[in-house]
Amino acid sequence: MNATSAPSGVSIPRDDAPADTAVVLVNLGTPDAPTAKAVRRYLAEFLHDHRVVSLTRWLWCPLLHFLILPIRGPKVAHKYASIWLADDADRPGGSPLAVYTRRLAQAVQRELPGVRVVDAMRYGNPNFRALLQRLRGEGVRRVLALPLYPQYSTSTTASVADVLERADGLATRMVGDYHLDAGWIEAVAMSIRDYRARHGDGGHLLFSFHGLPQRLVDQGDPYAAQCEASAAAIAGALGLEPSQWTLSYQSRFGRERWLEPSTSDTLAALAGRGIRTVDVAAPGFAVDCLETLEEVAMMLAEEFTEHSAGGSLRYIPCLNDLPDHARALAAIAQRELEAWR
Ligand SMILES: C=CC1=C(C)c2cc3[nH]c(cc4nc(cc5[nH]c(cc1n2)c(C)c5CCC(=O)O)C(CCC(=O)O)=C4C)c(C)c3C=C
Ligand SMILES: [Fe+2]
Ligand SMILES: [Fe+2]
């Protein structure tokens, strides 16, 4: 069965399959437009979540409203403008994170004809909280949330659980992580193999994950351990020796200590060792977004070329809506739904 896409980004099964169950793919969120105003609105919602920034309100709110949002709004809007996708003949454009998440949900819908598969954002649109209410109004009784974070973190996955816990009138369940799921590991490994088959083997492989304050890891957040396990499993599936790959963390925010090594320092160190080509994969991101397309593929690529006197960083795209990705996520959801009966 195929699925149609409503303007809201919600996929609706075409025939009369039992629609009392929905699988919601939840991603982080992104601005509605590449403008300072839209970026400020999105960042304000995101950075008010105590799961993301846990400073006390009286300290954080003045900093956020009078310093961070006014400065970061225009600066980050400019970055979004550099990656914003244009509308094409039959598909709307937008922020890559939103566009690819929507397409991924449509691809998963094709794999799971018996349930509704919907895309949502924890912050911004299509809003997860509002979507749950709407699904309930449309007769949905059970919601399985699949946060698009392969590795669990209190700063991301747990904030999806916070919303689910307050979803009155719905039976809910959530996939906590899938960092060692065999189908997902193989899909990531296959995308790297494919990239290297098409472009030539680039030599060293760098796995760049989104960073996290070290403080959260010290408090028990399993994120770093899961990133390490994912990277080792993908490298194993590719048959790489330990000397052929490295793990690092990108997208640092604020002044406290974040996970190390940073992707920027790691690339400088690789250049210092005489490495001229680095392939970078970002297996912590289900779909491409600002942090992969602008930070890695543009800014860090430029930085590496400088450090290596003309060498190149080759960015390997996220799984996005590749069929292997959709199949892996559909299988994870299917198993969870069966265990729920
Ligand atoms: C304290 C700040 C942040 C924490 C903690 C954090 C964790 C975290 N984030 C992701 C995934 C994504 N983050 C993205 C953007 C983004 N992240 C932060 C800050 C923290 N992230 C900011 C301020 C931003 C916005 C951009 C900017 O102002 O620099 C995105 C991309 C969104 C997009 O629109 O493309 C993703 C995806 C993970 C997985 C994670 C913890 C493990
Ligand atoms: Fe505030
Ligand atoms: Fe982030």
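A residue is called buried here if 20 or more other C-beta atoms lie within 10 Å of its own, exposed if 12 or fewer do, and partly exposed in between, with C-beta atoms placed from the backbone. Ala309 is exposed, with 8 other C-beta atoms within 10 Å. The model you are looking at is predicted, so local features need pLDDT of at least 70 and side-chain atom pairs count only at pLDDT 80 or more, while totals for chains, interfaces and linings use all residues. Residues are numbered from 1 along each chain as its sequence is written, and chains are lettered from A and ligands numbered from 1 in the order in which they are written.

Let us begin with the overall layout. The domain assignment gives domain 1 (3–178 + 321–340) and domain 2 (182–315); such bounds come from an automatic or database domain assignment. Taken over C-alpha atoms, the centres of domain 1 and domain 2 are 24 Å apart. The contact between them takes 25 residues from domain 1 and 23 residues from domain 2, where two residues are in contact if their C-beta atoms, placed from the backbone, lie within 7 Å. On the side of domain 1 that touches domain 2, the elements giving two or more residues are helix H2 (57–83), helix H3 (96–111) and helix H11 (323–340). Helices (H or I, at least four residues) and strands (E, at least two) are DSSP runs, numbered from the N terminus. By class, that side of domain 1 has 13 nonpolar, eight polar and four charged residues. Here Ala, Val, Leu, Ile, Met, Phe, Trp, Tyr, Cys and Pro count as nonpolar, Asp, Glu, Lys and Arg as charged, and the others, Gly among them, as polar.

Next, find the open sheet whose four strands run in the order E4-E3-E5-E6, with parallel pairing. Strand E4 (116–124) and strand E6 (171–174) are at its edges, each with a single partner strand, so one side of each has no neighbour in the sheet. From one strand to the next, the twist averages 30°. Two strands pair if DSSP finds at least two bridges between them. E3 and E5 pair in the parallel sense over six bridges, and Leu25 stands opposite Leu146 in E5. Strand E5 (residues 142–147) also pairs with E6 in the parallel sense, over four bridges. Along that pairing, Arg142 has Ala171 in E6 as its bridge partner, and Ala145 stands opposite Met174. E5 is mostly covered, with five of its six residues buried.

Helices lie against this sheet. H3 lies across strand E3 (21–30) and E4, running at about 165° to E3. Helix H4 (residues 128–137) touches E3, E4 and E5, and its direction makes about 145° with that of E4. Axes are lines fitted to C-alpha atoms, for helices over the stretch in contact, and angles run from 0 to 180 degrees between N-to-C directions.

Now follow the chain to the other sheet, which is also open, with four strands in the order E8-E7-E9-E10 and parallel pairing. Its edge strands are E8 and strand E10 (312–315), each pairing on one side only. E7 and E8 pair over six bridges, and Ser208 has Ser248 in E8 as its bridge partner. H8 packs on the sheet, touching E7 and E8, with its direction at about 145° to that of E8. Helix H9 (residues 263–272) touches E7, E8, strand E9 (277–281) and E10, and its direction makes about 145° with that of E8.

Just after H8, Gly239 takes a positive phi of about 70°.

Finally, a few backbone details. Most residues other than glycine have a negative phi, and most peptide bonds are trans. The peptide bond from Asn125 to Pro126 is cis, with omega near -5°, and Pro126 is in the loop between E4 and H4. The bond from Glu260 to Pro261 is cis too, with omega near 5°. Pro261 lies in the loop between E8 and H9, and Ser251 is also placed in the loop between E8 and H9. Ser251 has a positive phi of about 60° although it is not a glycine, and counts as partly exposed, with 19 C-beta neighbours inside 10 Å. Ala309 has a positive phi near 50° and sits in the loop between helix H10 (290–307) and E10.
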